[in-house]
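Please look over the sequence and the 3D structure shown here. The report that follows takes up single residues, then a pair of helices, then the chain as a whole.

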Amino acid sequence: MLRRLNKALPGLVFVILLYGAVVWLAGVWFARDKLMYSTGVWIGAFLAVGMAIHMAVVIEDAVSIGRSQSKLVAMSLLRYAVVVLVFFCTVYFHLGDPIAAFIGVMGLKIAAYLQPFFHKILMKLKGREEYSKENQ
């Protein structure tokens, strides 16, 4: 399903979850409250995955249907309102550490930069040299 939306989306989701696992493993040893840290990181990571999927859906709709710019702005504001709401609920209901959740959400940014690198490695492992020859 993710590949139908955007060819890069499965790789992006993979890198976000990999980043979440690395951040969790690196930080859980130093956190005072391991449960709050863990839930914070994973709330942030899953929020980043949701944001990536929502962005892919909105971009696909904009390209195929030709939505107006105001609709794109509204969808962007909705996405960030959901992020603020999730952070508010995380703090208010003590569901996780909000700083750890922020670190988890930053996985979207990290994945956006690292996904092409992981994709290139994956293509080389699969034996598809045409990708690496085109992008050199």
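## His94

His94 is exposed, with a relative accessible area of 60%. For relative accessible area, buried means under 20%, exposed means over 50%, and partly exposed is in between, using a 1.4 Å probe and counting protein chains only. This residue, His94, belongs to the loop between H4 and H5, and comes just after H4. Its phi is near 55°, which is a positive value in a residue other than glycine.

The model is predicted: local features need pLDDT of at least 70, side-chain atom pairs count only at pLDDT 80 or more, and totals for chains, interfaces and linings use all residues. Residues are numbered from 1 along each chain as its sequence is written, and side-chain values use heavy atoms, with hydrogens and water left out.

## Helix H4

Helices are DSSP runs of H or I with at least four residues, strands are runs of E with at least two, and both are numbered from the N terminus. Helix H4 covers residues 69-92, which is 24 residues. The expected span of a helix is 1.5 Å times one less than its number of residues. For H4 this gives 34 Å, and the end C-alpha atoms are 34 Å apart, so the two values agree.

Which residues of H4 are buried? They include Arg79, Val83, Phe87 and Thr90. An α-helix has 3.6 residues a turn, so residues three or four places apart point the same way. The cover over the buried residues of H4 includes helix H3 (34-64) and helix H5 (98-105).

## H3 against H4

Two packed helices are described by the angle between their axes and the distance between the axes. Axes here are lines fitted to C-alpha atoms, for helices over the stretch in contact, and angles run from 0 to 180 degrees between N-to-C directions. The axes of H3 and H4 come within 10 Å and cross at roughly 170°. H3 and H4 are therefore roughly antiparallel to each other. Angles over 145 degrees count as roughly antiparallel, under 35 as roughly parallel, 65 to 115 as roughly perpendicular, and the rest as oblique.

Contact means heavy atoms within 4.5 Å. On the H3 side, the residues that meet H4 are Ile43, Leu47, Met51, His54, Met55, Val58 and Ala62. On the H4 side they are Leu72, Met75, Arg79, Tyr80, Val83, Val86, Phe87 and Thr90. Sorted by kind, the residues of this contact of H3 with H4 are 12 nonpolar, 2 polar and 1 charged. Nonpolar covers Ala, Val, Leu, Ile, Met, Phe, Trp, Tyr, Cys and Pro; charged covers Asp, Glu, Lys and Arg; the others, Gly among them, are polar.

## Ala52

Ala52 is another residue of helix H3. At 3% relative accessibility, Ala52 counts as buried. Leaving aside neighbours within four places in sequence, Ala52 is in contact with Leu9, Leu12, Ile16 and Leu108. Ala52 and Gly40 are 12 residues apart in sequence, and their C-alpha atoms are 18 Å apart in space.

Gln115 sits in helix H6 (residues 107-126) and is buried, with a relative accessible area of 13%. Gly11 lies in helix H2 (residues 9-27) and is partly exposed, at a relative accessible area of 25%. How many residues apart along the chain are Gly11 and Gln115? The answer is 104, while their C-alpha atoms are separated by 6.2 Å.

Leu122 is also placed in helix H6. It is partly exposed, with a relative accessible area of 39%. Leu122 and Val105 are 17 residues apart along the chain, and 24 Å separates their C-alpha atoms.

## The whole chain

The chain has 7 helices and 0 strands. Its C-alpha trace spans about 50 × 40 × 25 Å along the principal axes. Of the 136 residues in the chain, 29% are buried.

Among contacts in the chain with a separation of 6 or more, 69% are between residues 24 or more positions apart. The accessible surface comes to about 9,100 Å², and 70% of this belongs to carbon and sulfur atoms. Accessible areas come from the Shrake-Rupley method with a 1.4 Å probe; for residues, only the protein chains shown count as cover.
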